[in-house]
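Please look through the structure shown here.

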Amino acid sequence: MKSNRALAIACICSVTFMILVTIGSMIYFKSQLAKSADAMKGMEKEEYERHYVLITDEKNSSFWESVYEGAKEEGKLKGAYVEMLGSNLSSDYEQKQLMRIAIDAKVDGIILAANESGAVTALINEAVGEGIPVVTVLNDNTSNRQSFVGIGSYNLGKDYGKQVCRIVEEKSEGSYEDGNCQVLILMEGEFHNTNEMLVLGGIQETIEQEYKGDVSIKCESEYISQKGTFAAEEAIRDLFMKPDLPDIIICLNELNTTCVYQGMVDYNRVGEIDIIGYYNSDSILKAIERKVIYSTLTIDTKQMGRYCVDALNEYIDMGYVSDYIPVDTYLINSENVADYLGDMAENVEE
């Protein structure tokens, strides 16, 4: 009897301890968010009329660093201080938490690389409701946001589809086993992104409409987790361990492109698979030069950053802005990669 009573007391004490730890953690987390917001409020803004923040889950990628540089440069010209939110904070916050910090700090505008989760939609609507305009960039969200700065996803898909047709047409007869070409499109894994679904539709429809050869081109998609570089690397490593590899892999972001390229090298698959990538980082351009990557589609990232700042300024000044602002895209392959490598070398020297 005494042992049962002792066990019950131990269970009660354990549960009480867990509850206290949980409550303490929540209080600490909220206090950290409040400190982050207060730190932002206390920033010196004497030289700037407005304070904008760029929020993305991939702060360290060269793609978003370039977008940020474009936004920052435009902000300096237009009297706005632009911050890559999260890069100056001690903790690694999720997108939802960074949105909360920006709202609590009452910034003048938010540039958001959105996803389509309900939580992000609610935070965008909350920000707009409190008078903070939101511009989504690259990935849109069905919300009350003011504008979307990005690319026509369906047209981007058509460009990818044309590259697939070109690859198949360049191959000699009998290059594909049983006359079938397997195409794998790597998509982001956490949310079924409407923009990516439009890209997928553009790829499939372009192949159906434009390819007139005898090879049967079959497209499949696979979702790759974007929760850090390691998660993407592991998922793509597993892909290379499968017995039946695709003939063509299409990557819709910089991280997947880099991981697939590295996987090709690590698993001695160079020459066996054609890669159509995304963005023009130094490593991707060099891979095209070495003919490990067939081609890549890239966005004018600095233009994208500039357009985001201009959209926020226009909305604040005029009370309205275009719902969609398109950004220029470019195709880079072995025929013109030397031009881009030359431009990159000149920028480094400067």
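Ser295 sits in strand β10, which covers residues 295-299; helices (H or I, at least four residues) and strands (E, at least two) are DSSP runs, numbered from the N terminus. The model is predicted: local features need pLDDT of at least 70, side-chain atom pairs count only at pLDDT 80 or more, and totals for chains, interfaces and linings use all residues. Residues are numbered from 1 along each chain as its sequence is written, and side-chain values use heavy atoms, with hydrogens and water left out.

Ser295 is buried, at 0% relative accessibility; buried means under 20% relative accessible area, exposed over 50%, and partly exposed in between (1.4 Å probe, protein chains only). Its side chain makes a polar contact of 2.8 Å with the side chain of Gln163. A polar contact is a pair of N or O atoms within 3.5 Å; within protein, one must be able to donate a hydrogen and the other to accept it, and residues adjacent in sequence count only if both atoms are side-chain atoms. Neighbours within four places in sequence aside, Ser295 is in contact (heavy atoms within 4.5 Å) with several residues, including Gln163, Ile275, Leu331 and Asn333.

Asp159 belongs to helix α5 and is partly exposed, at 27% relative accessibility. Not counting residues up to four places away in sequence, Asp159 touches Leu297 and Thr329. Asp159 and Tyr330 are 171 residues apart in sequence, yet their C-alpha atoms are 9.6 Å apart in space. Across the protein, 73% of the contacts with a separation of 6 or more are between residues 24 or more positions apart.

Which residues of α3 are buried? They are Gln95, Leu98, Met99, Ile101, Ala102 and Ile103. An α-helix has 3.6 residues a turn, so residues three or four places apart point the same way. Lys106 is not a glycine, but its phi is positive, near 55°. With a relative accessible area of 57%, Lys106 is exposed. Leu138 also has a positive phi, of about 70°, although it is not a glycine. Leu138 lies in the loop between β4 (134-137) and β5 (147-150), and at 15% relative accessibility it counts as buried.

The cysteines come next. A search of the whole structure finds zero disulfides, a disulfide being a pair of cysteine sulfur atoms within 2.5 Å. For Cys165, the nearest cysteine sulfur is that of Cys219, 9.1 Å away. For Cys251, the nearest is that of Cys259, at 8.8 Å. Cys165 is buried at 4% relative accessibility, and Cys251 is buried at 0%.

The protein as a whole has 11 helices and 12 strands, and 46% of its 350 residues count as buried.

The largest pocket has a volume of about 1,300 Å³. On a 1 Å grid over the protein atoms alone, a pocket is an open set of points where a 1.4 Å probe fits, with protein on both sides within 12 Å along at least five of seven lines; lining residues have an atom within 4 Å of a point. The lining of this pocket has 47 residues, and Thr56, Asp57, Glu58, Glu188 and Gln226 lie nearest its centre. Its largest share, five residues, comes from α8.

How values were computed:
Points joined across faces, edges and corners; volume = space filled by probe spheres on them.
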